[in-house]
Amino acid sequence: MTVCVIGGGISGIMAALALSRRGTETVLIESGETLGGHMAEIADCISGLEPKLIEVEADPLIEVITGVTVEKIDGSRGNFTLTLSGGRTINASSIILATGYTPFDPSVWSRYHLEHPNVYTSLEFERVISLSSPTGGRLPDGIRRIGFIQCIGSRDPRANPLCSSVCCMYTANEIKTLKARNPDVEVYVFFMDIRVAGRDERTIDKLKREGVTYIRSRVPEVITDDGKLTVRYEDTGAGELKSLDLDAVVLAIGLLPSGSTRKLAELAGLELTEEGYIKVSDGVRTSVDGIYACGCVAAPVRISDAVVQAEAAASLASEDGSPPPEMPELIEPEGEPAIGLIIFTDNGTLGSYIDLEKVREAALAIDGVIQVKEVPSLSGLEAEIASLVKDGSNRIVVAGLSHRKHEEMVRDVVERAGLNRYLVEIANIREHAAWVHPPDEATRKSIDLIRMAIAKVREVSPLKVELLPVTRRALVIGGGVAGMRASLEIASHGIGVYLIEREEKLGGMLGESNEIVADLIKQVESNELIQVMTGAEIDRIEGYIGNFSCTIRDEKLEAGAIVIATGAKRFEPAGLYSYGDDPKVITQAELTRRLETGIDAGTVAMIQCVGSRDGERGCSRVCCIEAVSNALAIKEKNPDTEVFILHKDIRTYGIYEKLYRDARSKGVIFLRFDEDKPPKYENGIVTVFDTLLGDEIQIRPDLLVLSTGLDPGPVSRNLAKVFSFRFRLDDEGYVLTCANQPEIGLYPLDTVIDGVYVCGNARQPALIETALVEAIGAAGRVLQVLGSERIRGRGEVAKVTQTACIACETCVDLCPYKAVRMVYDRAEVIPGLCRGCGICASECPAKAIQVGGFSDREIIAQLEEMLGVV
Amino acid sequence: MIITKEKPLEEIYGYISDCKNVLFVGCDGCTQPPRGLKEAETLAKLVEMKAKMEGKEIRCRFTTVVKQCCETSVGNLRTEMEGCDAMVSLACGVGVQIMNKVYPEVCTYPAQDTKFIGAEEIRQGPMYEMCLACGECILHETGGICPVTRCAKGLLNGPCGGCVDGKCELPMEVNGELVKNDCAWYLIYHRLKELGRLDLFRKYRPPKKRSLAMNPRRL
Amino acid sequence: MVFEPKIVGFCCSSCSYAAADLAGKDRVGYPSNIRIIRLPCGGKVDVMHILRAFEMGADGVFVAACKDGRCSYLDGNTHAKRRVNTLKDHLRVIGLGESRLEIFQVEAAGVSFARFVEEFTAKIKELGENPLKGR
């Protein structure tokens, strides 16, 4: 049965791909003409997005329908019927909504003067500073001072009362890019609170050090006078109104629910929040069973959070029953290389850049080329390649495509045509020649590139794709909320789970008194597929995707994939603010527990960022929201209790802004202190320098609550030691994911090792809700691996000629993944771990290592062809 | 292991610039990094190219042996070295000498400066001298840290008065920079303390028998 | 006749190849003297391959790898950097000159790729033909 994904932005694309990897047929519906959504508008994101667009288009299990809208939704879980504009109907077992957001349009307010040529929205500004803009990212002449105004259409009851979550960071990224390309420009940022977390915090600190001026003030309007731009703002430090002349203004626009979301909610009868977002539980479940939401439809989120939700939604919607991947035999091509060349003409447009006739003639003259065919579109590729192979070609070269985008697709096609998938090479005569050089030069270069590709493909030998057997069982490390939720999700698809917990009891940081935790423990313990091991210390984990083994004391557990959910510890505030000596001083976590029975205090003071944002540790993300909710809970029980929250910034992202608003209206008092003037606590009195008043305030609290941050270090550093392969942590001790790499940044739950995933506080500080979504997402990634009995390895991996190995262990030391081991005094590559980077091959003192697809012979052949020494 | 450092390319080229046919011989043995086939090939290519640049032609071939300090192993090169008028050895000083001994008819030149017996902390990181091969090991008394090698003064009953904050008073030049080494005896003291064997620190060690380190030694 | 140098570019599959692709997509032109040889990672670049390229008559060689901290294989780019820098010294000794070889740590943007290729080509044109050509 099919799953229908509505919305072709990055969330929808990633959801569809996740479904397809589980063997679920998917229909992806987009109302626009092309896929990509708003991510395609962000210059820095294009290179990450493009390969995904190709992947989704080429996926045989995904049908993409663009330019249509959904007009009707009937039925219920397992049997929905969607009627599209144009009349087509689709039957779907589940529906995933990924209809994204609408950027706020500030032109509805004349006071920001969007009509002025130098007033930009942040999305417009992306284009201005993009290297692909007409000026190559240089600002128009005369712009020397530029002001960024935050929260335009966010945290504003007249437009959108919520925080849009992403603007603080995208502004910082824009400034970084802007400064790189225009180093002399002066930059001012007008903000209310800076809401970023983790590593992002450092980006902002760095910008401040580099001279970007952050001014804490809401700018109500932009004044244009004779075309000049001025903003007025309140200097809270000096307590006076100031004005600043600017040459350009960038409005950081917020994210609003999109119109189609509302329409779809009506069609399907989904509950909405008062702000117009889809109401969800578990992060992705809507009020209608069988309909899930991901990305910005439930709340404004960052791309990385959106794709986590996409993975989670896809996992919940998956119809398991994936056929095991078929493995073709390794067929050695017979006889001399006979090369079939395909020229992809890009619907005939390539001919206007280069002389195709000349290219064709030159290609036919090359030794070994038996046929040359032109193909106008990607859809024709399959048939042409099949006919080339049928007519005797045993190697294929495709000219006019890009390795980066099309290599996997072309290999799949070649494989379906009956050749080894590595007997094909691409000559990128479009991006690397036709589009960048004048016609005659481009023609000449194209011929060269084709010659080089042919030279390479002549040397290519078929590579064996290892079929790695998969142990269809998962290992989940950490029995907190995230670990338990992940285990349950995996088990719900019939896969067994080992759930390992170090402590004697399940529950993790929150403890079993928490309602959600208690419920999860009950479910986990009654689930027959989950084998819980408490008090278990892992000694060693080795192996590779599909085949991990984990040693605990004398027991050896086999698993095909691993979820790391080891969480974090609370920072211990021992010695700070008399904690431990003064019974009146407690932590926020202790307060949460005490609130269950009720507290007796006339005045409560809370100090934020104890052990966070202190230079060593970053923002822990969750403490502000905890503090504000606890403050609300206190006020609810007894409105007369005075509650003070002493903070640096209040970071109630996204929908949690509602809590902040409520707290203020209920009389919770927020006092902001400067980083270099933290509050003091002496003789029962808290003294704080309030930046708004510009004066010291003294409070005598009955309870002083310390909002302590998270510290993942001790747990994860310990864990890192048990892995036989490379396992990386960032400098705070969170598990490093692939998020910093453009191509794989779209898999934020993946660690640097295939088959090992991470969720919850071990990855980054997370609220319970977020941790649950991440857990389901990570479980989804696991199930994508464990869906079949066998998994395909990579073909382009390093291979050691063992007779040549001199056992110097250089490769063992250098491998970034610890994928080489010594067996009987000879190096051996573990195929499931090797990613084929080739660092070992080019360093091996004995020249004993070659990387498939990039062997010395292949590279030298290309050089010889290019430099004309054949 | 034996630590060697490549000689400057100019210098190696200088030895053989008048030759016509040179064999570059790597050694897979105990040097770190191993100066095996890959390095021999690279060096051969560099020399060949430099010759070409000067309008000369030197035929440069390359090979490697398992260990150049072994006469049998070096003996296997007989056919390969036919016709060459010089050889360049990438091995330590021992290898160069054995090559010259086994093939007295051509001269074998060194491509490496043999530095010391030592180790590296991290791969491709700095190398540290660890052993002087004095022939009379006392590591069992000094917590596994060799004062003969690692004390600048080779004191057997240290530390001297020149130990400041655990560093030696004698700075050493490393890559043009003055670096202060750890005081070996400071390290020994702390290590022995850790081991609970400070009694060893009190023990007097008489001077070494110089005869054991008289060159050349043999066993 | 105008000297048209032949330049080999060893490009990693991540940022560098993407940068070249994006230059095409954005139609940012650059001199057509370069031919890209794709490697999985900057860390795959082999000293011997560079030397062979010069021996066969390449007038310039550049290695393009990701920026520090962005290598898909964690630290392949630092290996590339180290090898190129050592080899530059050797090239100077040989007499080919160190400027014929360059390491380029690229961001995935077409313009920066095009700019680098432009500058490098201009530099090689100034240096003239590879003196090893034909020898």
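In this predicted model, the count comes to 15 aromatic pairs over all chains. A pair of aromatic rings is described by the distance of the centres and the angle of the planes. Two of the pairs are set out below.

One pair joins Tyr660(A) and Phe670(A). The ring centres lie 4.9 Å apart. The planes of Tyr660(A) and Phe670(A) meet at 85 degrees, so this pair is edge-to-face; the cut-off for that label is over 60 degrees. The two residues link distant parts of chain A, ten residues apart. Tyr660(A) belongs to helix α17, residues 657–665. Phe670(A) belongs to strand β35, residues 669–672. Tyr660(A) has a relative accessibility of 7% and therefore counts as buried, a label that requires under 20%. Phe670(A), at 17%, is buried too.

A further pair is found in chain C, between Phe62(C) and Phe116(C). Here the centres are 5.2 Å apart. The planes stand at 75 degrees, so the pair is edge-to-face. Phe62(C) lies in strand β3, residues 60–66. Phe116(C) lies in helix α4, residues 110–127. Phe62(C) is buried, with a relative accessible area of 0%. Phe116(C) is buried at 11%. Both residues belong to a cluster linked by ring pairs, together with Phe104(C) and Phe120(C).

Charged groups also meet rings in chain A. The charged end of Lys456(A) sits over the ring of Phe854(A), 4.7 Å from the ring centre. Lys677(A) places its charged end over the ring of Phe689(A), at 4.1 Å from the centre.

Terms used: Residues are numbered from 1 along each chain as its sequence is written. Chains are lettered from A and ligands numbered from 1 in the order in which they are written. This is a predicted model: local features need pLDDT of at least 70, side-chain atom pairs count only at pLDDT 80 or more; totals for chains, interfaces and linings use all residues. Side-chain values use heavy atoms; hydrogens and water are left out. Rings of Phe, Tyr and Trp (its six-membered ring) pair if their centres lie within 6.5 Å; planes under 30 degrees apart count as stacked, over 60 as edge-to-face and the rest as tilted. Helices (H or I, at least four residues) and strands (E, at least two) are DSSP runs, numbered from the N terminus. Buried means under 20% relative accessible area, exposed over 50%, partly exposed in between (1.4 Å probe, protein chains only). A charge sits over a ring if NZ of Lys or CZ of Arg is within 6 Å of the ring centre and within 35 degrees of the ring normal.
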